[in-house]
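Dear colleague,

I am handing over the structure below, and after it I set out what was found. Please read the notes with the model open beside you.

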Amino acid sequence: MAWNRALRRTERCHVKTIAAVFLLLVLPFLLIMPVSSVGAADTLQDDAVFRAMQDELNRSVKSLAIPGMSPPYFLSYRVREHESATLEARYTAVTDSSTSRNRSLLINLRVGDPSLDNTNFYQDWRNIWANPGRLVDENNYDALRHQIWYQTDAMYKGALESLAGKKAYLQANPPKKVLADFAPAEPFVSLGPAVPLTADRQEASAGVRLAANALREGSDLQDWRVTWSGHATNQWYVNSEGSKHRKGMAGQTLDMSATLQAEDGQRLTGFVSYLFHQDDGLPPAAKLAEDARRLAAELREMASAPLLDEYIGPVLFTDVASAQFISQLFAAQLTLPRKPLTTEEWMNQRLPVGKLAPKLKRRVLPSFVSVRDQPKLEKWNGTRLVGTATVDDEGVECQDITLVENGRLINLPLGRQPVEGLERSNGHARSTLQQMTVPGITNLLVTSSAPRPAEKMLQGLRDLCQEQGIEYGLLVRKLEDTRFSDLYRTTEREEESQPELLAPPILVYRVYAADGRVEPVRGLGFDAVSVRSLRDITALGADTKVYNLLQPGSGVGGYQQVSIITPSILVEEMELKSAGVHEPLTVEKNPIFD
């Protein structure tokens with residue numbers, strides 16, 4: 001048992017480390033600037049990276065084979081060049097000011113044939129957390145060609161071993177259903193310009209300091225930080241079918257977070273997160289300061305609120321909580337859409353199939369709700385979207401898809417791995433830092449055929465309370481984000497064999513049925529949440545907004561930037577239980593305010 005606990009701690013630390021690196025390297029891949037097709041031949045000849053990739057791919061396709069063994073039937077190279085600048089302020093000082101630049105190679109090499117190849121089979125942790133190979137930073141054709149050749153050679157040998165292991169596993173564990181490993185796709189060429197990092201660090205420094213100083217005004221805060229990151233990522237892709245793309249993506253993130261403790265020791269952590277395109281610039285200084293002060297005020301309000309031990313009844317999700325509800329309970333449960341083959345039980349648990357993916361063609365939402373994913377959508381009501389994409393990470397053109405029509409799940413985000421009932425990619429493959437490729441959402445739009453005005457949503461909450469004979473309902477405005485709450489914990493997060501699908505609320509209020517009075521409460525977490533809660537939605541509001549946020553990766557850690565466009569959401573009944581984290585209070589007063 002002790003060894004298992006140690007292993008789980010090691011795995012958890014490894015996942016957190018990878019997630020942190022993933023935030024720096026992969027997030028910008030969904031901050032996509034428009035691309036257009038140009039003369040492919042001229043562009044390839046003028047680009048040393050493209051030439052090295054294409055020349056080595058041509059040679060490998062023609063002659064890469066061990067005598068008596070199968071040659072690759074598919075090969076793709078993806079080179080990512082990432083440049084970033086980071087600033088962080090804590091307390092009254094800048095604690096981090098750094099820049100980085102790197103280039104990496106991701107290879108998808110398949111042996112066997114599309115019906116059965118070496119993919120979707122995991123024998124140990126390195127199959128899940130295999131970091132991509134590093135490449136030279138200079139555009140030196142010979143150096144690039146050498147590294148691509150060397151890494152391809154190793155990948156080919158590994159693929160042959162994996163295919164042999166997979167065949168042995170399937171012979172010992174015959175599957176109930178046999179699905180192909182790879183689906184056909186039309187070649188697609190999209191060649192846009194490389195994008196430099198031009199974010200204004202001087203403007204960012206001023207904004208970070210301003211927000212940190214505004215947080216400093218809260219003398220009851222124990223800790224706070226403001227972090228800015230500017231990043232530009234360029235990607236080159238070629239495959240053996242003729243697909244090619246180059247896309248340049250650049251964006252900025254600014255996060256504010258703070259923590260304090262209630263008198264009983266419960267730790268409360270709040271956050272504000274901005275995700276935006278590089279050329280949009282930072283929010284105005286006045287807004288940064290206003291949001292920082294509101295963050296501190298909300299924490300103060302929650303700290304003085306009464307504790308609740310349990311609750312069963314209706315819940316109204318508004319503001320960013322409505323997008324978090326859709327992100328965690330709907331979008332995250334669409335992937336992974338197909339169960340991978342694993343030889344170890346812990347890997348089986350680490351890579352769960354999304355709970356909605358097996359419900360294709362069934363009703364998963366009320367009949368008045370429909371959901372679409374629109375990758376090429378750039379703006380919604382004047383707001384720029386961070387999920388915009390033209391081509392996915394398998395070189396397939398992104399397609400608009402209807403996921404839910406009148407409550408029924410009719411499609412899934414897909415890459416080139418077929419699932420039962422859906423055999424072709426719709427251009428939603430997203431690669432992770434660990435060379436895995438998983439499908440995911442981009443710009444998700446949730447609509448209702450009968451939206452209700454905001455005041456009627458609140459009245460609907462009160463009406464449900466009266467119907468159920470309870471005194472009050474809950475209004476939730478924001479859910480916890482472990483990216484921030486884990487920064488300030490002094491106790492280890494408890495292991496959960498089956499963690500809840502929905503994060504605990506951090507801005508939650510009870511709304512009295514009799515008179516509509518609103519009071520803050522704290523200390524609750526969702527209990528026994530399942531995707532069945534989606535069917536318990538009784539109304540969607542008419543207050544649809546854009547929320548640019550981070551979508552957690554399924555099983556492999558890390559995040560993707562997405563846009564979720566959704567109104568407020570009223571759920572008929574949910575269960576919550578006591579879930580607050582209580583820690584010893586600080587012994588001395590913060591010296592900054594002494």
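Helix α10, residues 454-468, has 15 residues and reaches 22 Å from its first C-alpha to its last, close to the 21 Å expected at 1.5 Å a residue, where the expected span is 1.5 Å times one less than the number of residues. Helices here are DSSP runs of H or I with at least four residues, strands are DSSP runs of E with at least two, and both are numbered from the N terminus.

This is a predicted model, in which local features need pLDDT of at least 70 and side-chain atom pairs count only at pLDDT 80 or more, while totals for chains, interfaces and linings use all residues. Residues are numbered from 1 along each chain as its sequence is written, and side-chain values use heavy atoms, with hydrogens and water left out.

In α10, the buried residues (under 20% relative accessible area, with a 1.4 Å probe and protein chains only) are M457, G460, L461, R462, L464 and C465. They pack against β10 (310-317), β20 (472-479), β21 (505-512), β24 (537-540) and β27 (569-578), contact being defined as heavy atoms within 4.5 Å. Just after the helix, G469 has a positive phi of about 70°.

Buried in α6 are A204, G207, V208, A211, A212, A214 and L215. Seen down the axis, the buried residues of α6 fall within an arc of 160°, so they line one face of the helix; the arc is that of the directions from the helix axis to the C-beta atoms. Their cover includes β1 (72-90), β7 (223-239), β8 (244-261) and α7 (285-303). At the start of α6, a side-chain oxygen of D200 comes to within 3.0 Å of the backbone nitrogen of Q202.

Apart from neighbours within four places in sequence, Q54 is in contact with V238 and K244.

For the protein as a whole, the secondary structure comes to twelve helices and 27 strands, and buried residues make up 54% of the 594 residues. Of the contacts between residues at least 6 apart in sequence, 79% join residues at least 24 apart. The protein exposes about 25600 Å², of which carbon and sulfur atoms supply 50%, the areas coming from the Shrake-Rupley method with a 1.4 Å probe.

Conventions
Buried means under 20% relative accessible area, exposed over 50%, partly exposed in between (1.4 Å probe, protein chains only). A polar contact is a pair of N or O atoms within 3.5 Å; within protein, one must be able to donate a hydrogen and the other to accept it, and residues adjacent in sequence count only if both atoms are side-chain atoms.
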